[in-house]
Amino acid sequence: MARRIFNVGVALIAAGYGLVTYAGTTEDLDTRPVPVYPVELKDDLSEQDYLGELPRVLTVSRLSQSLADAPSAVTVIDRATIRASGAVDIPELFRLVPGMYVGVNAGYVYNTNHAVSFHGMNTAYPGNMQVLINGRSVYTPLFGGVKWSELPIALMDIERIEITRGPNAASYGANAFAATVNILTSTPSETPANTVLATHGNGRNEAFYRHAGKAGDLAYRVTTGYRQDDGLDERNDFKRTRFANAQADYQLNLSNNFEFEFGLAEGARGEGNAQEDNTIFLPRTKQINNYYGLARWKHHLSETTDFQLQAYHSYDRSDDETTSVNLRPLIALISPILAASLVSDSIYINNEVITERTDIEAQHIFGLGASIRAVWGASVRQDTTYAPHYLGNKKTDKFDLQRLFGHVEWRPHTMWTVNSGAMLEHNDFTGTDISPRASLNFKPHPNHALRLGISSALRTPNYVEEKFDQKYAIATTLVAPFPRLVLQQVLADKGNVNPEQIISKELGYVGKLGSVQLDARIFSDEITDVIRFNERTDFTVPADVLLVNPTNVDTGLNSGSAKVEGLELQTNWKITSKTNVLLNHSHIRIRETHNGLERNFTKSMPVNTLSAMLTHDFNNGWDATLAYYQTSETTQLGDGDPVDLIRRTDVRLARKFNAGRWNGELSGVIENLFNDHYQEFADYNTLKRRARINVRLDF
Amino acid sequence: MLTTHYKINRFIKLLTSLAIALCLLVPSFAQAYTGITIVMSAPTESNLEFVEAFKAELMSTKSTHLRVKLIDLSEVEKLVVAENSELVIALGVKAMGVSSKLKVTTPVLGVFAPLPTFNSQLANSRRELGNFSAIVLDQPYSRRFSLIRTIMPEVKNLGMLLGPHSTEEMEDIRETGEDAQFNILQENIRQESELIPHLTTLLAVSDALMAVPDAMVYTRETVQPILLTSYRYQKPVFGFSQTYVKAGALAAVYSTSKQLAKQAAEIAIKSQQAPGVLPPPQAPKYFSVAVNYQVARSLNIQIADENSIHKKMLGLEKLSPDTLTVTLKSTP
């Protein structure tokens, strides 16, 4: 410090001296020119670093409502939680969401791998949840639900998952019925240059490589991977998947941004288990492949106004062919003559399914004064489905949908927020409908908010409920009056099914009590026009066709009403900067309010679910997780069976290391530590202890 | 550090008074400038605004009749200034660099100049403090801390992402920050690839992030990852410029061209009689507050309007009048 004073002092004295010497040369009024050469700045800061224009990053379209102002309860699973959980499959993360049911399911045809649903009413293909990846809807139009293992995405690319608990049609469209899952990947500019990740464990091997880079105003990321999942013991449900995806951001100028995404996946799947079907869909290997492309233009108009245009196309194919066993012995039980007259021993089924989706959406977000923020937009979508076995014909069916939506957030006072919105939807199955919503948030203190809300949504029937004509038929050599065709009709949808409707009322609290973040709500959901399968009484066949199941032909129809009531609790307690506890609980009961529901409907949600996760950061790079999941007994719909109370404990231990430009982590996970052999979804899915080791390198 | 500043300040004041006294004693030695040449790097909006405001400021001061001449460096090949009778006000780093090559008898006052760059230009030129000064772009740390304290009184752990340049400031930042009751957490970036991993480490333990100018850390390219990542962690960023606030930082203190022009005019008038004794480089005296209310709303932070924050901060600055002092690096 003394030196600095000295220097300044010397400088000033020198300046004074300059004055004196200068006085002697006053006549010298020359105008010596100084060349204007480019000043070499090197790493020096310039005024541009302070005054230069910057791209608008957190524009209104990127900013979400704070949880205290939001009209619904939201669970956020961030990257740190994903990492701590040790999960390798996306649906496993939903065990941390109160109100969510997750069951591993090794189905036997058109498998979804995981049955995930919110507040019950779940088959293996739950259609009551909207699932989006970066704004792209991935639920399948045929059965509903998501084929989780086929998504061309790596867990390591996911930045966060936001789950809106409760209907949210006004923001996410008709199928945002019970809940909405929004999976968001990290932007390329946030991604390390190179990452290698490999996992090896019981029945599971996978490896991923990711590269991210920049070329001028273009930032990009490419991920590729291979996943080998042997599935459950004693089930033919192995999955081998190769996938690649790419994401690019191009900043054209300060107010225009383009985003592009591409992805593709392909692989083999084991399907078919003699336990459920020993005649038609026998154990076999099928091929799946899919791809998608998305482009988004974000146009920043002003501090409070953004415009966004998005278009995507996706293609999904499941190539499944099967040949039944010799059917003569079975038909001989009805009539030996008929059995002898069959033109072939067995039937061949082409269960190829191709679905495509094209969707274009425009959105305009704007502010009106300081207290109103609004978003409105419109979208058009076309789904096409080719499923000869399910739809009973070789045509590609088209399903068109148009939507108009709007949402307003109004803050008349710092303590009050009013949210209101609606969606108007027209589709080929159910015509035109409107789903409104409204909520009122009261914030007596920045750390405490109460929410009173009412929201409605509609669930459009899926193809299985509206348009299926699924049958097994085999010709005979006989002529009239004897049957020329033997037919088993599995499903013969009558069509004209109305949308299922939900009206959800809730009282919620979001707040912070010391170091505990708390989110609690009680709710009452009324569901009317429930879509279920029932016997079709008016099904007729021509006189020369023998229907082997005349009293067992099903159709989708509206029948019965229910009330789903309960509470959900979500806490995040940061005990110290190194120790954290997540605790989630739901208590839910389903009651039939109008006769006609499917058997087991009221048992389709476990009454209690509990999940807890303790994470601790030891010094020197070690950290550990202890997680506990408990699900009470339930009976899922569709292929589901009664399953008992489940208790599962997972542990994870990880060591981070840093060697120059190599950063990484080595970790080990044991799922179901105490090796309880429990069942999920159906009694054929037995879960056992599984361990994995995982290594990750960033460079 | 504040006390040391104060000491320097007193020392400088003493020397300044001494020098002024010397000039007054021997008035024939010192020739007051009769005009001002504003040299600007380019005709940018902020530069032109400065020129207008500066002229208006001089006009409103009846006691002086200084001519104002404007030179745009992007239009000339050689800078020609009537030396010995002019005060040069250089707008921007380039203008300041070129002007510093003028004869040392022509005093140069830089405006829109980052402090580290002024320091290095001072070190690399034949100039000395009395004939080379600046109103730097950097807001005093005490003022920046005061903004954070005013907006978010509950913030304890304040994260700083530092690069090769800003690391040199750390000693000052830490002392000023601790005086303002902050626990300063820092992560040093040596290469760009370290940015995101270090940022996430910092965000995990900080209540808010304070951006410190650095040519490696806070650039046009890094603004997106820094603001997006911080937002994901639901942590506000306090910027160092109005543009950073527009991009998505929660708030910043900054000075407008008009405010800098007012301060420059004050210096020009005051130094006219003693052109060789420009005051030492100083921080912006007048400032404004910028808040991104959209970001505040999304982060559930309740913020008063910009004017009342400004008023409250002015009140606090009156209590510590040393704000204008800037730290000079030792010149070789």
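1. Two residues are in contact if their C-beta atoms, placed from the backbone, lie within 7 Å. This note concerns a predicted model, in which local features need pLDDT of at least 70 and side-chain atom pairs count only at pLDDT 80 or more, while totals for chains, interfaces and linings use all residues. Residues are numbered from 1 along each chain as its sequence is written, and chains are lettered from A and ligands numbered from 1 in the order in which they are written.

2. Apart from neighbours within four places in sequence, E206(A) is in contact with V88(A), T199(A), G225(A), Y226(A), R227(A) and Q228(A). E206(A) belongs to strand 10 (residues 204-215) of chain A; helices (H or I, at least four residues) and strands (E, at least two) are DSSP runs, numbered from the N terminus. A residue is buried if 20 or more other C-beta atoms lie within 10 Å of its own, exposed if 12 or fewer, and partly exposed in between, with C-beta atoms placed from the backbone. E206(A) counts as buried because it has 20 C-beta neighbours inside 10 Å. Between E206(A) and R240(A) there are 34 residues of sequence separation and 9.5 Å in space, C-alpha to C-alpha.

3. Chain A as a whole has eight helices and 41 strands. Its C-alpha atoms fill a box of roughly 135 × 55 × 50 Å along the principal axes. Of the 699 residues in chain A, 44% are buried. Among contacts in chain A with a separation of 6 or more, 63% come from residues 24 or more positions apart.

4. Chain A contains an open sheet of five strands in the order 2-7-8-5-6, with mixed pairing. Strand 2 (73-78) and strand 6 (136-137) of chain A stand at the edges with a single partner strand each, so one side of each has no neighbour in the sheet. Two strands pair if DSSP finds at least two bridges between them. Strand 5 (residues 129-133) and strand 6 of chain A pair in the antiparallel sense over two bridges, and I133(A) stands opposite R136(A) in strand 6.

5. The secondary structure of chain B comes to 12 helices and 12 strands. Buried residues make up 55% of the 332 residues in chain B. Residues 24 or more positions apart account for 73% of the contacts in chain B with a separation of 6 or more.

6. How do helix 7 (residues 195-205) and helix 8 (residues 223-232) of chain B cross? Their axes come within 10 Å and cross at roughly 30 degrees; axes are lines fitted to C-alpha atoms, for helices over the stretch in contact, and angles run from 0 to 180 degrees between N-to-C directions. The two helices of chain B are therefore roughly parallel to each other (angles under 35 degrees count as roughly parallel, over 145 as roughly antiparallel, 65 to 115 as roughly perpendicular and the rest as oblique). L195(B), I196(B), L199(B), T200(B) and L203(B) in helix 7 meet P225(B), I226(B), T229(B) and S230(B) in helix 8.

7. In helix 5 (residues 141-151) of chain B, 10 of the 11 residues are buried, so this helix is largely enclosed by the rest of the structure. Among the buried residues of helix 5 of chain B are R143(B), R144(B) and F145(B).

8. From strand 11 (residues 251-254) of chain B, A251(B) and V253(B) point one way and A252(B) and Y254(B) the other way, and all are buried. Strand 11 pairs with strand 12 (residues 288-291) of chain B in the antiparallel sense over four bridges, with V253(B) opposite V289(B).
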